[in-house]
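Have a look at the model first.

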Amino acid sequence: MDKMGSSEGAGNRGIPSTPRDGAAVEIIGLAAAVLRKLALMNEYEHKYVENTKLNQKLSYLDWYSAIQKNFEPLFYISSTSSDSLLNLRNIYKDTVGASNNFGDFQLRPNFLIAMVVAPELFNPVNALAALEIAKEKLVSSLGVKTLDKSDWNYNGNYYNVDSSDYKSAGGFNYHQGPEWVWPMGFYLRARLRFSGADGMLETKQILSKHYEHLKSNPWRSLPELTNRDGVFCSASCSAQAWSCGTILEVLHELEKLDT
């Protein structure tokens with residue numbers, strides 16, 4: 001989510017649209033996955049990281065264990081959470097410690113990446129509750145909304161043209177609602193991991209839409225993103241590698257489960 005504003009007229013030039021400058025949920029999940037792997041690699045010569053200024057050492061296992069211990073308490077917004085900035089409950093925070101405090105509580109699809117690469121960080125009951133919210137609030141036909149529609153920053157139609165609208169000029173809303181296809185692969189893989197047979201049924205139903213799109217698309221491919229509710233986006237790439245890649249990963253998961 002790296003969109004930088006470019007419109008002088010609208011006043012967003014040089015301003016990051018979605019800074020996410022706290023501890024981003026997907027980065028924490030990816031870090032945990034890497035640390036877990038490093039801790040198991042006996043042949044890897046470097047056994048720890050060292051802060052020479054503080055004269056401290058931290059093993060990969062201890063680092064991983066700290067993430068595992070603190071992930072749910074710091075990221076999960078439970079049904080009894082009462083922070084004044086929250087908009088939804090039973091979801092995972094997008095970040096922890098962002099400079100714009102409300103950003104922590106925005107519902108975005110990035111937590112799905114962490115669910116796939118480090119599922120052991122998640123309480124299964126909480127994970128399933130969060131997936132149900134994602135299904136209701138984020139999942140569309142081909143892609144996944146990059147921001148919940150109830151968020152004040154939501155704008156699901158991406159045109160990438162200049163205007164006087166601060167929130168969309170120069171494509172400022174690139175990650176503020178348009179429905180990207182590649183996160184759908186992570187949503188479906190998370191469903192397969194946490195939802196059992198129901199997840200498999202839902203996955204096949206959603207993939208049927210991708211199959212129909214592939215048949216009708218002149219590139220025989222999948223787009224980068226769509227506008228609100230799956231509407232064609234003229235500013236989107238019509239054949240995007242990572243869209244196809246994450247859907248292929250879902251098909252690979254299904255093949256393993258079917259054998």
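Q: Why are Trp 182 and Phe 186 about one helical turn apart?
A: Both sit in helix H5 (residues 182-194), and they're four residues apart there, so about one helical turn separates them. Bear in mind that this is a predicted model.

Q: What makes Trp 182 and Phe 186 an aromatic pair, and which kind is it?
A: Pairing needs ring centres within 6.5 Å, and theirs are 5.9 Å apart. The planes make an angle of 85°; over 60 counts as edge-to-face, so edge-to-face it is. The structure holds 13 aromatic pairs.

Q: Why is Phe 186 called buried, and what is Trp 182 called?
A: Buried means under 20% relative accessible area. Phe 186 has 13%, so it counts as buried. Trp 182 comes in at 25%, which puts it in the partly exposed class.

Q: Which residues do ring pairs link into a cluster?
A: Phe 71, Phe 75, Tyr 76, Tyr 92, Phe 111, Phe 122 and Phe 194.

Q: How do you know that Arg 193 lies over the face of Phe 194?
A: The distance cut-off is 6 Å from the ring centre, and Arg 193 is at 5.1 Å. Lys 3 gets the call too: its charged end sits over the ring of Tyr 174, 5.8 Å from the centre.

Q: What makes Glu 179 and Lys 145 a salt bridge?
A: In general, side chains of opposite charge can pair when their charged atoms come close. The cut-off is 4 Å from nitrogen to carboxyl oxygen, and this pair has 3.7 Å, so it qualifies. Glu 179 lies in strand S8 and Lys 145 in strand S7, so the bridge ties together parts 34 residues apart in sequence.

Q: Why is Lys 145 called buried?
A: Its relative accessible area is 5%, and the label needs under 20%, so Lys 145 is buried. Glu 179 is buried as well.

Q: What makes Asp 94 and Arg 20 a salt bridge?
A: Their closest N and O atoms are 2.7 Å apart, and the cut-off is 4 Å. Asp 94 is in the loop between strands S5 and S6, Arg 20 in the segment before strand S1, 74 residues away. Both are buried. Salt bridges with shared partners join Arg 20, Glu 26, Asp 94 and Arg 108 into one network.

Q: Why can Leu 58 belong to a surface patch?
A: Patch members need over 30% relative accessible area. Val 49, Leu 58 and Trp 63 make a nonpolar patch of about 220 Å².

Terms used
Residues are numbered from 1 along each chain as its sequence is written. This is a predicted model: local features need pLDDT of at least 70, side-chain atom pairs count only at pLDDT 80 or more; totals for chains, interfaces and linings use all residues. Side-chain values use heavy atoms; hydrogens and water are left out. Patches are made of residues with over 30% relative accessible area and no salt bridge: like charges are joined within 9 Å, nonpolar side chains (Val, Leu, Ile, Met, Phe, Trp, Tyr) within 5 Å. Accessible areas come from the Shrake-Rupley method with a 1.4 Å probe; for residues, only the protein chains shown count as cover. A salt bridge is a side-chain nitrogen of Lys or Arg within 4 Å of a carboxyl oxygen of Asp or Glu. Rings of Phe, Tyr and Trp (its six-membered ring) pair if their centres lie within 6.5 Å; planes under 30 degrees apart count as stacked, over 60 as edge-to-face and the rest as tilted. Helices (H or I, at least four residues) and strands (E, at least two) are DSSP runs, numbered from the N terminus. Buried means under 20% relative accessible area, exposed over 50%, partly exposed in between (1.4 Å probe, protein chains only). A charge sits over a ring if NZ of Lys or CZ of Arg is within 6 Å of the ring centre and within 35 degrees of the ring normal.
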